[in-house]
Amino acid sequence: MRQAGRYLPEYRKIRSQVDFLTLTKTPELAAEVTLQPIRRFEMDAAILFSDIMTPVEGMGVEMEFNPGPVVKAPLRTAAQVDALKVPKSGENAPFVAEAIKIINRELPVSVPLIGFAGAPFTLFCYLVEGRGSKTFSQAKSFLFAEPQLSRIILEKLTDVMIGYLQAQVDAGAKALMIFDSWAGLLAERDYKTFAYPSICRIIKNLSHLGVPLIYFPNQGATLLGTVKNCGAHVVGVDWRTSLSVARNILGPDMAVQGNLDPMALFASKQDLGSRIDDILCEIGQKNGHIFNLGHGIDKNTDPDRVAFLVDRVREKSQKPLS
Ligand code: CP3
């Protein structure tokens, strides 16, 4: 979850000179910002610096960031849906492939780069609502009022994300993550109808690439019984669900990733330390756990706390078998 970003002074320095979209579209700068947290904290993996909305611009959607995505003309009509382009793999966001190549030249060989995309349902939420929201009531009312049109948007997004993720692996990404930040807005029956089929189709089409596939259904506690069958290698778990509960539902063949509450980084070091230990203890010394935050890092986080977290996890968890 968001390794780079506004909590780092070195990121803020670059951002004071360029806007967010320019940053994501300039390979040298995107690469530099991807590498910043790795230099500072020596995490075990790097995540590409971009945004879930980046490939949507290639579909003909105009947007800006303030600070989250704002879509100039939210999707509301059949004509707009019809006009949505489905660019081919590689043609969409070529600057991302370029950034990945630069990053891999600089990253230590032992540090894999994670590529990512937004899940079609989460992208649908931003495209129809037009901006972030707590309830996404415009997007959800459109979903229920116009299920056929919604399905067309979701299918187009699925086609584009398959190509976009494939292009990231072709360029050198060593694992892929799918962010479904708004999956938890749906009851299980609607998740099964509108969100889950896209996830299954993406995973089915990418399995041959041989890279680990991570799926993060945010606030997805009630969805895990369905998610279990999606075919991902790893499921990201937000901080609200305990890892042992998630693991019991998902079964022994899926790894779990998570799930410290990002706001716990504001606790005293002693309290933070015991929260980290609790997560490690809960999961035991078994394989199949990737330590991570349970959602994105807050912009006011003290980088020193992140360094503390990385050291603590390293010290307390089993050394990887080489
Ligand atoms: O960790 C990394 O370095 C990877 C980069 C990354 C960003 N966004 C950079 C970013 C990743 C993986 C994302 C994913 C993303 N973007 C998601 C899925 C994960 C999640 O948080 O649920 C979503 C929903 C978005 C959409 C988005 N982009 C929002 C809601 C915002 C506003 C965030 C805020 O803190 O208010 C953004 C902007 C954004 N994306 C920033 C960063 C570093 C902050 C922009 C800035 O520099 O001003």
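Me: Where is Gln257 found?
Reply: In this predicted model, Gln257 belongs to strand S8, which covers residues 255-260.

Me: Is Gln257 buried or exposed?
Reply: Gln257 counts as buried because its relative accessible area is 6%, and the cut-off for buried is under 20%.

Me: Which residues does Gln257 touch, leaving out those up to four places away in sequence?
Reply: With that exclusion, the contacts of Gln257 are Met177, Ile214, Val234, Val235, Gly236, Val237, Ile290 and Asn292.

Me: Turning to the ligand, which residues around it come nearest?
Reply: There are 23 residues around the ligand, and Arg2, Gln3, Arg6, Tyr11 and Ser181 come nearest.

Me: What does Arg6 place by an oxygen atom of the ligand?
Reply: Arg6 has a polar side-chain atom 2.3 Å from a ligand oxygen. For Arg2, a backbone N or O atom is 3.1 Å from an oxygen atom of the ligand. His295 contributes a side-chain N or O atom, 2.6 Å from a ligand oxygen.

Me: And how much of the ligand does the protein bury?
Reply: The protein buries 88% of the 890 Å² that the ligand exposes when taken alone.

Me: Now helix H10: where does it bend?
Reply: Helix H10, residues 188-206, bends at Ala195 by about 50 degrees. Pro197 follows within four residues of that point.

Me: Which residues of H10 are buried?
Reply: Ala195 is one of them, and the others include Asp190, Tyr191, Phe194, Tyr196 and Ser198.

Me: What do the buried residues of H10 pack against?
Reply: They pack against helices H7, H8, H9 and H11, and against strands S5 and S6.

Conventions
Residues are numbered from 1 along each chain as its sequence is written. This is a predicted model: local features need pLDDT of at least 70, side-chain atom pairs count only at pLDDT 80 or more; totals for chains, interfaces and linings use all residues. Side-chain values use heavy atoms; hydrogens and water are left out. The bend at a residue is the angle between axes fitted to the seven residues ending there and the seven starting there. Helices (H or I, at least four residues) and strands (E, at least two) are DSSP runs, numbered from the N terminus. Buried means under 20% relative accessible area, exposed over 50%, partly exposed in between (1.4 Å probe, protein chains only). Contact means heavy atoms within 4.5 Å. A residue is near a molecule or strand if one of its heavy atoms lies within 4 Å of it. A polar contact is a pair of N or O atoms within 3.5 Å; within protein, one must be able to donate a hydrogen and the other to accept it, and residues adjacent in sequence count only if both atoms are side-chain atoms. Accessible areas come from the Shrake-Rupley method with a 1.4 Å probe; for residues, only the protein chains shown count as cover.
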